[in-house]
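The structure is shown first.

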Amino acid sequence: MDALLTAAFVSSLLTGAIVAGIPLLLAGLGEQMSEKAGVLNIGIEGMMLFGAYLGFLTAWSTESIWMGFLGGVGGGMLVAALMALLCVRLGLNQIVIGIGLTLGAEGLTSLLHHFQFSRTYPRLPSPDRLDLPILTDLPVIGPSLFGRHPLVYLALALVIVLAWAYRHSNLGLTLRAAGEKPAALDVAGGHVTLLRTVAVLFTGAMAGLGGAYMANVGAGLFIPFMTGGAGFIGIVLAMLARGRPVWVLLGALIFGAALSLTTALQVAGSNVPTDVIQMLPFAAVMLVLVVWSRKARLPAALGQPYERGAR
Amino acid sequence: MRDLARTSDAAPPEMGAEAVGLVNVTKRFPGVVAVDDVSLRIRSGEVHVLLGENGAGKSTIVGMLAGLQRPDEGHISIGGAPARLNSPLESLAAGINTVFQHVMLVPTLTVFENLVLGDAWWHRPPRALIERRIGELRRDFGLEVPLDAITGDLSLGQQQQIEIARALLRDSHVLILDEATSMLTPRGADELGERMRRLAERGLAVVFITHKLSEAYRFGDRISVLRQGRFAGEIAPDALAAMSENAAVDEMLHLMFGSSESAVTELARPARPRGASVLKVSGLSTAGGPEEMPLTDASLEVFASEILGIAGIDGNGQKQLAEAIAGQRPVTTGSVTLEGRDVTGESVGRRRALGLRYLTDDRLMEGSVGAFPVSENTVLKEIGAPPFWSYGLERPSRIAAHAQDLIRRFSVRTPGETTPIGHLSGGNIQKLLLGRELSGLSKVVVFNKPTYGLDMQNITASRQRIREIAEGGMAVLLISTDLDELLELADRIAVMDRGRICGVLANDAARPAEVRTAVGRLMVGEAPSGAAE
């Protein structure tokens with residue numbers, strides 16, 4: 001077990017926690033806003049995958065990672081716009097539509113990628129890193145924590161911004177009202193449909209950005225089905241976080257670490273079979289759900305379409 | 001706060017001028033005309049009572065004034081000019097604020113957060129301003145508004161005060177209170193009445209919706225009565241001021257329940273000798289829920305060859321009573337006795353086998369499986385039992401024969417016994433379910449609103465059948481919200497109000513008008529005046 005305490009192991013675990021955790025964080029933050037507003041956004045996996053595809057494609061054709069992120073945001077919002085139209089405007093079943101959008105995005109991205117690249121997987125150049133002076137030079141944790149892509153720090157800043165907005169601005173209040181009792185918000189003069197639409201679009205943007213980060217920074221290429229359930233983990237995070245962005249961050253790092261344990265253990269030269277290690281993140285998900293899910297508190301009107309004056 | 005700065009766009013109307021009105025408004029919902037050609041004028045400085053039973057159209061009118069629903073015909077007028085209220089926001093902008101029957105506050109937010117709800121999301125709530133205004137409201141109207149309490153922890157009375165405070169913060173011209181006293185204690189109701197008076201004196205138009213006559217008399221300046229979606233009449237302020245409470249209550253009862261034209265066809269009831277006691281209910285109570293009234297200490301006895309009617313405004317515990325008797329709802333205390341045998345702990349199936357039958361008011365959701373053929377619906381309550389099942393196998397031919405027999409005997413109009421029951425009309429489903437309940441050995445039948453939603457022809461046929469059942473020696477418990485139906489069929493009428501049986505009267509066929517008035521008074525929570533058993 002000495003292998004577990006080596007600098008190489010700790011360093012690669014931390015790196016992995018961030019690289020794998022950032023997409024989860026973005027997805028979780030996005031889903032959190034939808035859920036606050038009362039929309040259970042199961043289509044987030046599809047939004048993430050479409051964001052990854054479009055993000056990669058934009059980055060590959062413009063040769064700019066940042067344009068790629070923009071493409072990812074656009075891709076996610078495209079799927080989200082469909083979800084908002086069907087579930088918020090027309091009040092269709094959120095679960096059915098969400099699953100449909102995820103399956104649709106999986107099929108469509110695979111197909112488009114195959115048309116364009118056949119069976120090759122072109123790589124992007126490795127991305128810029130924001131090397132913070134002094135901090136990056138710290139031993140072991142330095143390069144893992146402080147030598148990351150600028151988007152990582154933007155995502156962390158977003159956690160703070162959202163935490164502040166949910167707590168101190170009318171936005172958090174209005175979102176909670178839309179999720180708990182949309183009729184009360186409506187008769188108080190709020191705009192339930194508009195607010196829910198915006199929340200779903202925000203989810204799409206965040207999920208798409210997370211997907212683009214996965215493709216452009218994490219992997220440097222696009223592979224069909226590459227999100228591999230990260231969006232669904234985002235849903236779990238949002239449900240367990242009880243509306244607090246900081247808890248989403250914490251959860252994302254834990255799940256990210258679990259996901260990257262495979263690499264870290266291999267780096268450390270552990271002789272545990274890789275099959276067992278690859279199972280760990282999912283065991284972690286189940287464990288966390290067993291321990292915490294009783295404490296998850298979901299908005300009362302989550303998943304229910306709102307129709308004014310319905311009898 | 002936007003709503004404080006902007007308040008409403010319209011200028012405050014003068015005292016006595018029309019603040020808001022309905023002009024020949026009609027509103028339909030699938031299968032029902034909720035409001036039928038109603039015109040109303042709500043004046044500033046007046047407490048205008050809208051009185052009517054459940055289903056009279058009061059809440060639909062509130063919905064239209066609050067911008068939740070739009071009239072199908074006619075229009076709403078504001079300050080005398082035609083106006084459209086397409087959303088709650090437009091209604092608020094026109095100075096109309098509504099306190100709904102069900103509290104429209106978010107329970108998980110604090111009171112302060114609920115007060116600023118609906119403001120633009122980028123604004124920061126003006127705490128100091130709200131605190132100052134709330135202080136004024138406390139002084140002027142005695143409204144208690146604990147700003148930092150979690151709304152869901154407060155009593156319904158307190159939540160209602162918060163809703164009124166919210167309306168006043170917005171400087172409304174019209175305040176609508178929909179069934180505002182239904183959740184209040186008598187003292188709370190009196191305080192509300194006092195507040196409405198003070199608001200009207202300040203020039204607000206107050207619309208107070210209720211089905212309680214004494215409150216209408218005590219709190220109102222003007223009373224408009226609605227009956228089955230239509231405007232039934234009005235008592236103007238000077239007329240009302242000149243009336244004693246008793247005279248006003250009689251006038252209101254006349255407007256609310258006054259015998260309709262259809263009741264002229266009322267049949268003379270042949271007297272049936274009543275037999276032995278069949279069903280006895282003593283001290284029956286059920287646990288209530290957040291949206292549901294508990295049944296409290298209900299006792300009654302039904303005899304063979306007798307129809308005991310249960311009158312009451314819908315939602316006063318009738319369904320709870322029926323389900324507790326049928327065994328579909330757990331009881332907290334009390335007992336149900338069938339022919340001297342205590343069946344309180346018995347299952348639905350066992351009670352049915354002993355001869356207790358229940359015909360639900362919810363024909364489609366609870367009484368039948370819409371997608372199943374007629375034949376299977378006729379044996380829905382006997383799944384697995386012989387002769388329709390033997391050795392665990394379904395016997396389709398026996399079920400089909402049974403269904404054909406019921407279709408013939410109860411003249412159900414259906415293409416065949418294989419048609420899904422959901423394709424049949426309400427009246428035909430009702431006939432089939434009645435046939436199902438009457439097959440086998442039945443001793444007592446509980447009907448819950450048996451003619452609700454049927455057309456005239458089916459209503460007549462159903463009533464005839466209920467009469468035949470009693471003549472055949474069975475005991476009948478007939479729950480109905482249609483007073484004419486009870487006066488026509490029942491031998492005795494028990495009245496339910498707020499989950500209790502508040503009186504039992506003999507239905508004396510010789511003096512229907514007196515019985516009608518006495519039952520009507522009990523239904524709306526007035527003390528009985530004679531005639532009680």
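Which residues does Val476(B) touch, not counting residues up to four places away in sequence? In this predicted model, Val476(B) touches Ile307(B), Val445(B), Phe447(B), Ile466(B), Ile469(B) and Ala470(B), with residues up to four places away in sequence left out.

**Nonpolar core**
- Val476(B) is among the residues with the most contacts inside the largest nonpolar core, along with Met252(B), Leu477(B) and Leu478(B).
- This core has 241 residues, and its largest share, 15 residues, comes from helix α9 (residues 192-219) of chain A.

**Helix α15 of chain B**
- Helix α15(B) runs over residues 396-409 and has 14 residues.
- From first C-alpha to last, α15(B) reaches 20 Å, close to the 20 Å expected at 1.5 Å a residue.
- Ile399(B), His402(B), Ala403(B), Leu406(B) and Ile407(B) are the buried residues of α15(B).
- Viewed down the axis of α15(B), these buried residues fall within an arc of 140°, so they line one face of the helix.
- Ser397(B), Arg408(B) and Arg409(B), on the other side of α15(B), are exposed.
- The cover over the buried residues of α15(B) includes α14 (374-378) and α16 (426-438) of chain B.

**Contact between chains A and B**
- Chain B gives 26 residues to the contact and chain A gives 20 residues.
- On the side of chain B that touches chain A, the elements giving two or more residues are α3 (88-93) and α4 (111-116) of chain B.
- Of the elements on that side, α3(B) gives the most, with three residues.
- By class, the side of chain B that touches chain A has 17 nonpolar, six polar and three charged residues.

Methods
Residues numbered from 1 in each chain as written. Chains lettered and ligands numbered in written order. Predicted model: local features only at pLDDT ≥ 70, side-chain atom pairs only at ≥ 80, totals over all residues. Core = buried A, V, L, I, M, F, W, Y, C linked by C-beta atoms within 7 Å. Buried ≥ 20, exposed ≤ 12 C-beta atoms within 10 Å, placed from the backbone. Helix = DSSP H or I, 4+ residues; strand = E, 2+ residues; numbered from the N terminus. Contact = placed C-beta atoms within 7 Å. Expected span 1.5 Å × (residues − 1). Arc of directions from axis to C-beta. Nonpolar A, V, L, I, M, F, W, Y, C, P; charged D, E, K, R; others polar.
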